[in-house]
Amino acid sequence: TASGAALAPRPNGVQAASTGGFTGEVPSSMAELVRSTASGELRLLDERRRLQAEVRELQKELTWATSVALDWCPDDSAAEKVRLRGAAQRAEAKVSSQLEATATRERELEQELR
């Protein structure tokens with residue numbers, strides 16, 4: 001090479017520059033970068049879990065509020081009760097589906113990080 005470093009063959013067939021006195025600073029920097037990135041990803045996963053717990057609590061409150069609204073809805077408002085019940089069921093199904101998809105993705109990410 002132009003810098004005087006020889007190309008050393010690697011087992012995978014890739015040629016790598018050999019600098020003789022190289023101390024391995026780049027690999028340790030790379031390892032630190034990987035650790036830092038993994039640590040950041042784990043923090044984000046923890047934050048995501050915390051937010052999901054909050055969503056579950058809000059989901060419970062929505063269910064309770066819907067039940068109260070249905071109980072207090074006048075008897076002659078059958079159509080409103082059906083709409084309210086349907087909206088609550090759709091919201092519940094959507095939230096449950098999203099939470100499950102997110103939990104599955106988190107488990108996949110955790111396996112990748114290990």
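## Surroundings of K81

Which residues does K81 touch, not counting residues up to four places away in sequence? In this predicted model, K81 touches L70, C73, P74 and D75 when that sequence neighbourhood is set aside. K81 itself is found in helix α2. One of these residues, D75, is also the salt-bridge partner of K81, and the closest N and O atoms of the pair are 3.9 Å apart.

K81 has a relative accessible area of 18%, and because the limit for a buried residue is under 20%, K81 counts as buried. D75, by contrast, has a relative accessibility of 73% and therefore counts as exposed.

## Overall architecture and confidence

The chain has 114 residues, of which 16% count as buried. Its secondary structure comes to two helices and two strands, and from the N terminus on the elements follow the order β-β-α-α. Helix α1 covers residues 25-72, and helix α2 covers residues 78-113. Among the contacts in the chain with a separation of 6 or more, 46% are accounted for by residues 24 or more positions apart. The chain exposes about 9100 Å², and carbon and sulfur atoms supply 59% of that area.

The mean pLDDT of the chain is 76, with 75% of the residues reaching 70 or more. One is residues 1-8, for which the model has 14 contacts beyond four places in sequence. The other is residues 14-18, for which the model has 15 contacts beyond four places in sequence.

T66 has its place in helix α1. Its relative accessibility is 9%, so T66 counts as buried. The side chain of T66 reaches the backbone oxygen of L62 at a distance of 2.8 Å. When neighbours within four places in sequence are left aside, T66 is in contact with L84 and A88.

S39 is likewise found in helix α1. With a relative accessibility of 30%, S39 counts as partly exposed. Its side chain is joined to the side chain of R43 by a polar contact of 2.9 Å. L42, a further residue of helix α1, is partly exposed because its relative accessible area is 40%. L42 and E106 are 64 residues apart in sequence, and their C-alpha atoms are 9.9 Å apart in space.

## Salt bridges

The count for the model comes to nine salt bridges. In one of them, the side chains of E47 and R50 meet at an N to O distance of 2.5 Å. E47 and R50 are three residues apart in helix α1, which means that about one helical turn separates them. E47 has a relative accessible area of 34% and is therefore partly exposed; R50, at 40% relative accessibility, also counts as partly exposed. The pair belongs to a network of salt bridges that links E47, R50 and E54.

R105 forms a salt bridge with E108, and the closest N and O atoms are 3.2 Å apart. Both residues lie in helix α2, three residues apart, a spacing of about one turn of the helix. R105 is partly exposed, with a relative accessible area of 39%, and E108 is partly exposed with a relative accessible area of 39%.

## Summary of the residues examined

T66 contacts L84 and A88, while K81 touches residues including L70 and C73.

Notes:
Residues numbered from 1 in each chain as written. Predicted model: local features only at pLDDT ≥ 70, side-chain atom pairs only at ≥ 80, totals over all residues. Heavy atoms only, no water. Helix = DSSP H or I, 4+ residues; strand = E, 2+ residues; numbered from the N terminus. Buried < 20%, exposed > 50% of the residue type's maximum accessible area, 1.4 Å probe, protein only. Polar contact = N/O pair within 3.5 Å; in protein donor to acceptor, adjacent residues only side chain to side chain. Contact = heavy atoms within 4.5 Å. pLDDT = per-residue confidence, 0-100. Salt bridge = Lys/Arg side-chain N within 4 Å of Asp/Glu carboxyl O. Areas by Shrake-Rupley, 256 points an atom, 1.4 Å probe, with all protein chains shown as cover.
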